[in-house]
Amino acid sequence: MVASRMNLMDLLALVLVVSSQSACVSGRHSPTGFRLPENGDPARGKAAFIELRCYGCHRVAGDQDLPEPDQAAATVTLGGDVSEIRTDGYLVTSIIHPSHRARSPQTVEGESPMPDYTRMSVRQLIDLVAYLQSRYRVVPPPPVFP
């Protein structure tokens, strides 16, 4: 099988094998998630974001040249300042199984309104994650005063 023709089920099987190996490493490429190839292209990821019409419900922090969301009330902003790293595994899971952690006002009975994106190519997924990763910035959490 040619790597560029790998389907999502093959990728998920690989993810299970890789994520089952644990180590004390933290960060974006932590084994608690899994590791995507380093050749993700944020520009192609942005093109996939537009092609897949992700902008219909999502804004991307700091990226002003995307089409306007279809419904302003259902807009979820991706990217921006966060207090913890968004791993590749977290982002992939959020794309292909968005109800795993449905907790937004747009959810109905725990189900995400996102369409099924499991038919996207692995290349699109890798590039889309690279694009989203380029839009996040980890900052220290604000101090908590008693």
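Tutor: Let us begin with the word "buried", which here means a relative accessible area under 20%, whereas exposed means over 50% and partly exposed lies in between. Please keep in mind throughout that this is a predicted model.

Student: Which residues of helix 4 are buried?

Tutor: They are Val 122, Gln 124, Leu 125, Ile 126, Asp 127, Leu 128, Val 129, Ala 130, Tyr 131, Leu 132 and Gln 133, so that helix 4 is mostly covered, with eleven of its 14 residues buried. Helix 4 covers residues 122–135 and reaches 20 Å from its first C-alpha to its last, close to the 20 Å expected at 1.5 Å a residue. For the protein chain as a whole, buried residues make up 38% of the 146 residues.

Student: In what order do the elements of the protein chain run from the N terminus on?

Tutor: The order is α-α-β-β-β-α-α-β, which gives four helices and four strands. Among contacts between residues at least 6 apart in sequence, 61% join residues at least 24 apart.

Student: Which residues touch the most other members of the largest nonpolar core?

Tutor: In soluble globular proteins, nonpolar side chains tend to be buried together. In this model the largest nonpolar core has 25 residues, and Phe 49 and Ile 95 touch the most other members. Helix 2 (42–51), helix 3 (88–96) and helix 4 each supply at least two residues of this core, and the largest share, seven residues, comes from helix 4. Not counting residues up to four places away in sequence, Ile 95 touches Met 114, Tyr 117, Met 120, Leu 125, Leu 128, Val 129 and Leu 132.

Student: Which residues does Asp 41 contact, leaving aside its neighbours within four places in sequence?

Tutor: Asp 41, which lies in the loop between helix 1 (8–19) and helix 2, is in contact with Asp 127 and Ala 130. Asp 41 and Gln 124 are 83 residues apart in sequence, yet their C-alpha atoms are 9.3 Å apart in space. At 25% relative accessibility, Asp 41 counts as partly exposed.

Student: Where is Arg 53 placed, and what is its phi?

Tutor: Arg 53 sits in the loop between helix 2 and strand 1 (58–60), and its phi is near 60 degrees, a positive value in a residue other than glycine. Arg 53 counts as partly exposed, because its relative accessibility is 46%.

Student: How many disulfides does the structure hold?

Tutor: A disulfide calls for a pair of cysteine sulfur atoms within 2.5 Å, and the structure holds zero. The sulfur of Cys 54 is 9.2 Å from the closest cysteine sulfur, that of Cys 57, and so is too far for a bond. Cys 54 is buried at a relative accessible area of 11%, whereas Cys 57 is partly exposed at 36%.

Student: Over which residues does pLDDT stay under 50?

Tutor: The mean pLDDT of the protein chain is 79, and 68% of its residues reach 70 or more. Over residues 19–23, however, the pLDDT is below 50, and beyond near neighbours in sequence this stretch has four contacts in the model. Residues 102–108 also stay under 50, and for them the model has eleven contacts beyond four places in sequence.

Key. Residues are numbered from 1 along each chain as its sequence is written. This is a predicted model: local features need pLDDT of at least 70, side-chain atom pairs count only at pLDDT 80 or more; totals for chains, interfaces and linings use all residues. Side-chain values use heavy atoms; hydrogens and water are left out. Buried means under 20% relative accessible area, exposed over 50%, partly exposed in between (1.4 Å probe, protein chains only). pLDDT is the predictor's confidence in each residue, from 0 to 100. Contact means heavy atoms within 4.5 Å. The expected span of a helix is 1.5 Å times one less than its number of residues. A nonpolar core is a set of buried Ala, Val, Leu, Ile, Met, Phe, Trp, Tyr and Cys residues joined through side-chain atoms within 4.5 Å.
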